[in-house]
Amino acid sequence: MKFPGSVLVSLVLFVAETAAALCLSGAYRAAGDRMWQWLTLLFALLPCALVQLSLVFIHRDVSRDRPLVLLLHLLQLGPLVRCVEVFYIYFHAGRVEEPYVSITKKRQMPKDGYSEEIEKEVGQAEGKLCTHRSAFSRASVIQAFLGSAPQLTLQLYICVLQQEITAARSIFMVLSLLSIVYGALRCNILAIKIKYDDYDVSVKPAAYLCIFLWRSFEIATRVTVLVLFSSVLQIWILPVVLVNFFGFFFYPWVLFWQSKSPFPENIEKALSRVGTTIVLCLLTFLYAGINMFCWSAVQVKLNDPDLINKSQNWYRLTVYYILRFIENAFLLLMWYIYKTDIYLYVCAPLLVLQLLISYCMAVLFMLVFYQFCHPCKKLFSSSISEGLLSCFTFLCFICKPAKSTILTNKAEVKSPENTDEAWSSSKTIDSQKGNLHQSVSSNA
């Protein structure tokens, strides 16, 4: 039985970030910065409440008679109780013989084109631990992108405006960045396990390292770009954020309405149609929050029973990173044009170059992960290099027809003149040949 290390890491980040937010909020209150105090509290307490809801929903505590657990969740102590329960199950597993076990069938990764199916006995304790790991993984994603990401953006914005980085604020920003990167990493692992649920997936340390570096460069660059742009164009940051957020929020719903599929009814039997709609809205809300800062490894598909698109779409991945790179470059250009006196001692061209290179480094580590370190790369219908090549070929194919059509039209316009010239030249050559023949025969 695996040690529940992911549960412990999630709890440590959750508690440390919440405590740091409360301490920093108190410091803002002492300094008289009421607005920064309330925004810091808002970005700390809102994800806490959503984390409690997700844990209660996954463990179905509402339908069970557990009033003490529900009370602790209301007091925002749910992750602590769940962690204690996890380690109690882990250390007491195997001491008492379990009344029954379930048998799961998993397939191994293909070797030489063949894949064996393995049966594995899963006891009650291991099943409960698996449920807890899954719940904490989802809670980490919620905490990362609905709390830590806005919090990191806010604190970095305050540092830029005040031109000061205090020790408390720097520690808090480091914790927030670690929380976001860890949440993105858990999101990647969740996507892999959901897409390849039939296979026994084992993620190697090299894969974890690639994902960590990929997400660190991507998220740090994105947050810095947004902060720089908002520091010089405070009003225009609002449409940028709203277009990004609502674009990703409504995208799964547009695809769902286009598919004309029936409304999902199998999410939770105890939920009514209104409750199901609320859950789906929260899911797409989280999906939009993730894509605001980085690529969402989990693609929402509302007409699928698992609500997840299990196909590997290289085209969508390529389009996302191309558009995001263009957007980041445009925002940096606007910052460079309208930068104020607070950036007087900053080498602006060098900073722009560093941020663009950092984003390219994120893309590089992403390519390395999908090409060499992905645990299920043998199951890909095409590698990422082949997918990118086909994407660029498709883009070139879109551009070629317009050019070829112009050349064809030009050829059609010039064809009558060319045929007349060719006919007249052929007649001239024939007449010259005839004259030459007559002169030769007369000399003979």
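The conversation below goes through salt bridges, a helix and surface patches in a predicted model.

Reader: What kind of model is this, and how are residues numbered?
Author: It is a predicted model, in which local features need pLDDT of at least 70 and side-chain atom pairs count only at pLDDT 80 or more, while totals for chains, interfaces and linings use all residues. Residues are numbered from 1 along each chain as its sequence is written, and side-chain values use heavy atoms, with hydrogens and water left out.

Reader: How many salt bridges does the structure hold?
Author: The structure holds 4 salt bridges. A salt bridge is a side-chain nitrogen of Lys or Arg within 4 Å of a carboxyl oxygen of Asp or Glu.

Reader: Which residues are linked in a network of them?
Author: Arg222, Arg324 and Glu327 are linked in this way. The closest N and O atoms are 3.4 Å apart between Arg222 and Glu327. Arg222 lies in helix H7 (residues 205-232) and Glu327 in helix H10, so this pair ties together parts that are 105 residues apart in sequence. Helices (H or I, at least four residues) are DSSP runs, numbered from the N terminus. For Glu327 and Arg324, the closest N and O atoms are 2.4 Å apart.

Reader: Is Glu327 buried or exposed?
Author: Glu327 is buried, with a relative accessible area of 18%. Buried means under 20% relative accessible area, exposed over 50%, and partly exposed in between (1.4 Å probe, protein chains only). Arg324 is buried at 3%, and Arg222 is buried at 1%.

Reader: What span should helix H10 have?
Author: The 25 residues of H10 (residues 314-338) should span 36 Å at 1.5 Å a residue, and the end C-alpha atoms are 36 Å apart, which agrees. The expected span is 1.5 Å times one less than the number of residues.

Reader: Changing topic, which residues make the nonpolar surface patch?
Author: Val15, Leu68, Leu71, Leu74, Leu75, Leu77 and Leu80 make this patch of about 660 Å². Patches are made of residues with over 30% relative accessible area and no salt bridge, with like charges joined within 9 Å and nonpolar side chains (Val, Leu, Ile, Met, Phe, Trp, Tyr) within 5 Å. Accessible areas come from the Shrake-Rupley method with a 1.4 Å probe, and for residues only the protein chains shown count as cover.

Reader: And where is Leu77 found?
Author: Leu77 is in the loop between H3 and helix H4 (78-92). At 33% relative accessibility, Leu77 counts as partly exposed.

Key:
Helices (H or I, at least four residues) and strands (E, at least two) are DSSP runs, numbered from the N terminus.
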